[in-house]
Amino acid sequence: MKKIISIVFVLILSALVLCSCGKKTEATKNVENMINALADIKIGIDSGEQIAEAESAYNALSDEEKAKVKNYNKLEKAKEELASVQAKYESFDEMNSVIEKIIDAANTRFSTENTDYAELLSQAQDILDNFNKLSDEEKKNVNVSDELNEAIEALNAYTSSAEKSTAAYVKAFNEVYADEKYEVTAVYCIKQIRDATEYHIFALTYKDKNGEEHNVYANARCSANTTAQTIISNAETFFSENAVSDDYNAVIGGNIDLNLEKVLELAK
């Protein structure tokens, strides 16, 4: 009889131990509740702290307690959603950075820094395309305004006028040195705006009959609508291999990246 009682006691004790092992601690329940709270909300840029708190509480559990957290996949999903939201907001920051560059480039009155206006205009179009795909709430994070649209118009106008006036310069060069049959291999243009008038200063690189390259500078500035004939009549001023000042030395770097093929086509 005593033996039977002992066996029953052991069985009961074992059952109690097993029940105890399967029971969730208060810490485990707390973590599950924190995770469920995340599942009940829309994950946004401000959800980072709440997700971090839930993850920190989960990491503080023992391995046995972690094994009893049955909704951990929901925490993983919340983290993925947050990463996606953060990436989108980073893209907003990048868009705003480019917008600032576009506006600065349009407002620059004199610069020796080389600027690829065509690339800026391409980026501006991408920004506008992506902006139109955003929700009204998301659009509040991107600085698309009349100022940006005005800057785009200004850069388009300047790029066009720079190409045309540089083409006039190349055309004049080809006529002045027609007998030499030099080959123009690069063209440069720098913009100045003085007294509300746009002026250009030019430089080009040509290859002579021996295949050697030379840089030619314009030691004068001209308005955006100066013709090839005007440049030809002042050839000594516009075609010099010696710059007269540091400003003109900077022209060889230019402040606008020109499409050589387009300029040469316009120069025909």
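User: Which element gives the largest share of the negative patch?

Analyst: In this predicted model, a negative surface patch is formed by Glu 100, Asp 104, Asp 146, Glu 147, Glu 150 and Glu 153. Two elements give two or more residues to this patch, namely α5 (72-107) and α8 (146-176). The largest share, four residues, comes from α8.

User: Is Asp 104 buried, partly exposed or exposed?

Analyst: Asp 104 is found in helix α5 and is one of the residues that form the negative patch. Buried means under 20% relative accessible area and exposed means over 50%. Because its relative accessibility is 42%, Asp 104 counts as partly exposed.

User: How many salt bridges does a search of the whole structure find?

Analyst: One of the salt bridges joins Glu 32 with Lys 24, and another joins Lys 79 with Glu 55. A search of the whole structure finds a total of nine.

User: In the salt bridge between Glu 32 and Lys 24, which residue counts as buried?

Analyst: The closest N and O atoms of Glu 32 and Lys 24 are 3.0 Å apart. Lys 24 has 28% relative accessibility and therefore counts as partly exposed. At 12% relative accessibility, the residue that counts as buried is Glu 32.

User: How many residues apart in sequence are the parts that Lys 79 and Glu 55 tie together?

Analyst: The side chains of Lys 79 and Glu 55 meet in a salt bridge, with an N to O distance of 2.7 Å. Lys 79 lies in helix α5 and Glu 55 in helix α3 (residues 48-59), so the pair ties together parts whose separation in sequence is 24 residues.

User: Which residue is linked with Glu 55 and Lys 79 in a network of salt bridges?

Analyst: Lys 79 is partly exposed, with a relative accessible area of 26%. Glu 55 also counts as partly exposed, at 24% relative accessibility. The network of salt bridges that links Glu 55 and Lys 79 also includes Glu 76.

User: Where in the chain is Glu 180, which forms a salt bridge with Lys 209?

Analyst: The closest N and O atoms of Lys 209 and Glu 180 are 4.0 Å apart. The pair links distant parts of the chain, 29 residues apart, with Lys 209 in the loop between β2 (197-207) and β3 (213-217). Lys 209 counts as exposed at 64% relative accessibility, whereas Glu 180 counts as partly exposed at 31%. Glu 180 is in the loop between α8 and β1 (183-194).

How values were computed: Residues numbered from 1 in each chain as written. Predicted model: local features only at pLDDT ≥ 70, side-chain atom pairs only at ≥ 80, totals over all residues. Heavy atoms only, no water. Patch = residues over 30% accessible without salt bridge, like charges linked within 9 Å, V, L, I, M, F, W, Y side chains within 5 Å. Areas by Shrake-Rupley, 256 points an atom, 1.4 Å probe, with all protein chains shown as cover. Lys, Arg positive; Asp, Glu negative; His and termini not counted. Charge placed at Lys NZ, Arg CZ, Asp CG, Glu CD. Buried < 20%, exposed > 50% of the residue type's maximum accessible area, 1.4 Å probe, protein only.
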